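Subject: Structure handover and findings

Hello,

Here is the structure I promised to pass on. Please load it first, then read the notes below it.

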Amino acid sequence: MGKQIPISVTFDLPDGTPVTIETGKLATLTAGSVVVRVADTMIFAAVSSSKEPREGQRFFPLSVDYQEKFASMGRIPGNFFRREARLSEHEILICRLVDRALRPLFPKGYMNDTQVMINLISAEPEILPDAYAALAASAALAVSNLPFEGPISEVRVARINGKYCVNPMKSDLENADLDIIVAATMDNVMMVEGEMEEAQEADLIEAIKVGHDAIKVQCQAQLDLKALVGEKAVVVPFEAPEEDEELKERVHDMVKDGILAVGEGALDKKARAKGLDAVKDGLKADLLEAEGEEWMEENWGKAKEYFEYHRKYIIREMVLSTGVRLDGRKTDEVRPIWTEIDYLPAAHGSAIFNRGETQALASLTLGSKTDKLMMDTAQELYFEKFILHYNFPGYSVGEPKPNRGAGRREIGHANLAGRSLKRVMPDDFPYTLRIVSDIMESNGSSSMATVCAGSLALMDAGIKVKAAVSGVAMGMIADGDRIAILTDILGDEDALGDMDFKVTGTEKGICACQMDIKVDGLPYDVLEKALLQAKEGRVHILNEMKKTIDVPRDDFKEHAPRIVELKIDKSFIGAVIGPGGRIIQELQATTGTIINIEEVDDVGVIQISSNDKSSIDAALAAINGITFTPQVGDVYDAVVATIQPYGVFVDFKGGKSGLLHISEFSYDRVDKVEDVFKEGDKLQVKLIGVDERTGKLRLSRKALMEKPEGYVEPPKRERRDDRRGGGGDRRRGDRRDNNRRDDRRR
């Protein structure tokens with residue numbers, strides 16, 4: 001078979017950067033495959049799907065895997081096996097961005113195993129691939145003829161120096177005060193996720209609009225590519241399951257009153273679940289009695305589906321018509337909150353945040369630079385000093401569940417909470433910091449409880465955050481013109497709505513957001529209303545948190561490590577480290593401190609950390625001694641080292657030595673040095689000058705004395721330097737004596 005002839009389309013980003021989508025060259029045995037290229041960055045995506053649905057499957061078995069090939073940047077992986085291994089957290093977060101945009105666009109009832117593989121196969125350091133991963137995945141689906149109701153795409157929108165930019169360069173993001181990823185179809189925004197510097201709601205909406213306009217161009221390019229490829233034979237035939245309208249209506253009539261009674265009962269989570277289970281058990285018993293076991297074996301599965309369908313829509317109608325929710329709250333009401341700090345006495349900071357039946361226990365640990373988290377991605381190797389981990393054990397929902405480590409959900413929630421709190425960290429914070437949020441109870445929005453508990457733990461630890469941060473999870477139920485926006489949604493309400501979103505921030509503005517929009521054609525004015533209601537909830541939660549602690553503690557806890565950061569001239573780095581690291585190792589051993597030193601921007605940066613302040617002081621004094629550079633005008637305690645006819649040499653701080661000339665002893669005339677000083681005498685001197693040529697230090701004791709009234713400065717006496725290298729006057733005198741002797745001989 002000859003070489004494949006690829007088909008491609010090209011479109012431009014708003015700044016004129018061309019983007020090419022190509023298909024037909026790589027992986028032609030897949031259901032669909034493409035390569036997206038931006039300059040030298042290339043992203044490959046392939047789609048595969050099984051020919052038959054998975055038996056007994058109740059939810060769509062879609063898997064999205066994004067992986068960066070280290071060869072794309074000419075790098076070899078740094079792990080033991082030197083190969084790409086399990087997905088990193090960085091890659092998992094990109095998987096989630098793509099998955100959440102694609103999943104809703106497969107038809108209901110499609111239960112065939114479907115896999116989307118995305119690989120970064122060539123990369124430029126300045127181009128961020130996460131903004132193009134969903135474009136590649138959607139384009140592969142668009143040319144596959146799988147039952148996909150796309151296309152979609154995603155773009156990054158950043159506000160840089162007041163201007164909204166689409167898919168900016170990596171280095172430009174350093175100046176961004178808003179950075180979000182927007183996913184959308186041609187007509188509807190589907191997902192928004194990102195972070196910002198206390199942005200206003202209107203700023204976020206404007207950024208979403210800019211992103212959607214750019215996505216429309218990308219969706220059209222995919223449609224153009226699909227048209228060029230032409231119609232393929234459908235890889236996986238799919239027919240939506242037929243509805244049994246009679247059974248559906250029958251189930252509705254049998255369960256309506258029971259579901260409504262539970263919904264209106266203002267019950268807690270356990271009682272509500274028990275009540276709904278009783279309604280479902282009653283439905284099963286009534287159908288069994290009426291139809292018999294043979295009918296039940298054939299139809300109970302579908303009857304259960306209809307029960308779940310009616311449960312959702314009966315409760316939706318209840319909320320829309322009455323404005324009252326499952327637990328009896330109004331739509332804009334936040335559940336009762338209590339908080340506590342300093343719960344864990346051995347931690348460096350801790351807090352409990354409890355809202356309704358959702359509870360997070362946060363612990364905070366301070367560490368040194370050696371505790372940084374290494375992030376080894378294809379594009380770069382870097383170290384992260386702000387770490388947030390989120391744990392969701394089975395007991396938080398009253399279920400047994402094996403502990404298999406963090407899953408994609410845990411990683412996603414940790415990222416959202418972490419980027420929220422990171423925005424308010426003090427500038428130039430020298431510590432490595434780790435926050436762990438253990439979810440003890442969960443009934444809705446444990447990620448937002450993590451934000452609140454983490455904020456409280458930061459203040460409990462004495463970290464001077466710029467402001468407290470809270471988070472609130474919102475929902476929305478829409479039916480035509482009837483819209484109910486729900487503040488602080490329950491777990492049961494999470495699946496009921498047409499939009500759910502999480503917003504974190506301070507009193508001034510938004511720090512991070514995560515939105516999933518399920519309704520077509522959501523007007524921007526409704527979105528703005530929802531964001532403003534979220535702001536009210538966020539501020540209410542902040543006020544509740546203030547009742548426990550409103551400003552950070554004055555200082556760290558006694559057992560928390562202290563870090564002192566010292567900047568030195570880079571020429572002293574070797575002196576501090578010593579041959580083979582001997583000096584710094586001995587210093588750590590004798591003081592019991594941890595000392596890190598590195599060169600940053602042509603400056604040596606030293607961090608000294610210890611739980612004991614006196615140990616830090618000892619290490620600091622030793623390093624200051626090694627790196628000490630005298631400054632003109634400074635005063636030092638000194639000791640007379642040697643005596644010369646023209647003055648004394650004194651030793652002072654850091655092993656430095658300088659000349660105190662006889663003329664600088666005092667305002668009184670001194671004829672003989674020995675009349676004033678002897679070796680070992682202690683005195684104070686002031687540095688009055690440094691010889692530019694030799695670097696010798698000139699000291700004065702007279703400059704520290706009060707000048708006598710009417711004092712007149714005498715003519716300067718000729719100075720004779722010492723044997724240490726400054727004997728210029730003595731040599732000149734010797735030359736004059738030799739010349740006189742030569743004249744007499746002649």
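A salt bridge here is a side-chain nitrogen of Lys or Arg within 4 Å of a carboxyl oxygen of Asp or Glu. D500 and K518 make one, with their closest N and O atoms 3.1 Å apart.

Some ground rules before the rest. This is a predicted model, where local features need pLDDT of at least 70 and side-chain atom pairs count only at pLDDT 80 or more, while totals for chains, interfaces and linings use all residues. Residues are numbered from 1 along each chain as its sequence is written, and side-chain values use heavy atoms, with hydrogens and water left out.

**Salt bridges**

Back to the first pair. D500 sits in strand β20, and K518 in the loop between β21 (510-517) and α10 (524-546). They are 18 residues apart. Helices (H or I, at least four residues) and strands (E, at least two) are DSSP runs, numbered from the N terminus. D500 is buried, at 10% relative accessible area. K518 is partly exposed, at 44%. The cut-offs: buried is under 20% relative accessible area, exposed is over 50%, and partly exposed is in between (1.4 Å probe, protein chains only).

The structure holds 44 salt bridges. One of them joins the side chains of R316 and D498, at 3.2 Å from N to O. R316 lies in helix α6 and D498 in the loop between α9 (491-494) and β20 (499-505), so this pair ties together parts that are 182 residues apart in sequence. R316 is buried, at 7% relative accessibility. D498 is buried too, at 13%.

D488 and R335 form another salt bridge, at 2.9 Å from N to O. D488 is in the loop between β19 (482-487) and α9. R335 is in the loop between α6 and β11 (337-341). The two are 153 residues apart, and the pair links distant parts of the chain. Both are buried.

There is also a salt-bridge network. Its members are R100, E193, E195, E197, R419, R423 and D516.

**R100**

Is R100 buried or exposed? R100 counts as buried, because its relative accessibility is 15%. Its side chain makes a polar contact of 2.4 Å with that of E193. A polar contact is a pair of N or O atoms within 3.5 Å; within protein, one must be able to donate a hydrogen and the other to accept it, and residues adjacent in sequence count only if both atoms are side-chain atoms. Leaving aside neighbours within four places in sequence, R100 is in contact (heavy atoms within 4.5 Å) with M191, V192, E193, Q514, M515 and D516.

**Cores**

A nonpolar core is a set of buried Ala, Val, Leu, Ile, Met, Phe, Trp, Tyr and Cys residues joined through side-chain atoms within 4.5 Å. The largest has 110 residues. I180, L204, L433 and I463 have the most contacts inside it. Helix α6 (residues 293-322) gives the most to this core, with 10 residues. Not counting residues up to four places away in sequence, L204 touches L178, I180, V192, M196, I510, C513, M515 and L531. A second, separate core of 52 residues includes V19, V34, A123 and A134.

Helix α2 (residues 133-142) is mostly covered, with 10 of its 10 residues buried. Among them are A134, L135, S138 and L141.

S153 is in strand β7 (residues 152-160). S153 is buried, at 0% relative accessibility. A polar contact of 2.4 Å joins its side chain to that of Q218. Beyond four places in sequence, S153 touches L135, V182, A183, A184, I215, Q218, C219 and Q222.

**E679**

E679 is in the loop between β27 (656-661) and β28 (682-690). E679 counts as exposed, at 55% relative accessibility. Not counting residues up to four places away in sequence, E679 touches V640, A641, T642 and I643. How far apart are E679 and L128 in space? The C-alpha to C-alpha distance is 69 Å, and E679 and L128 are 551 residues apart in sequence.

Best wishes
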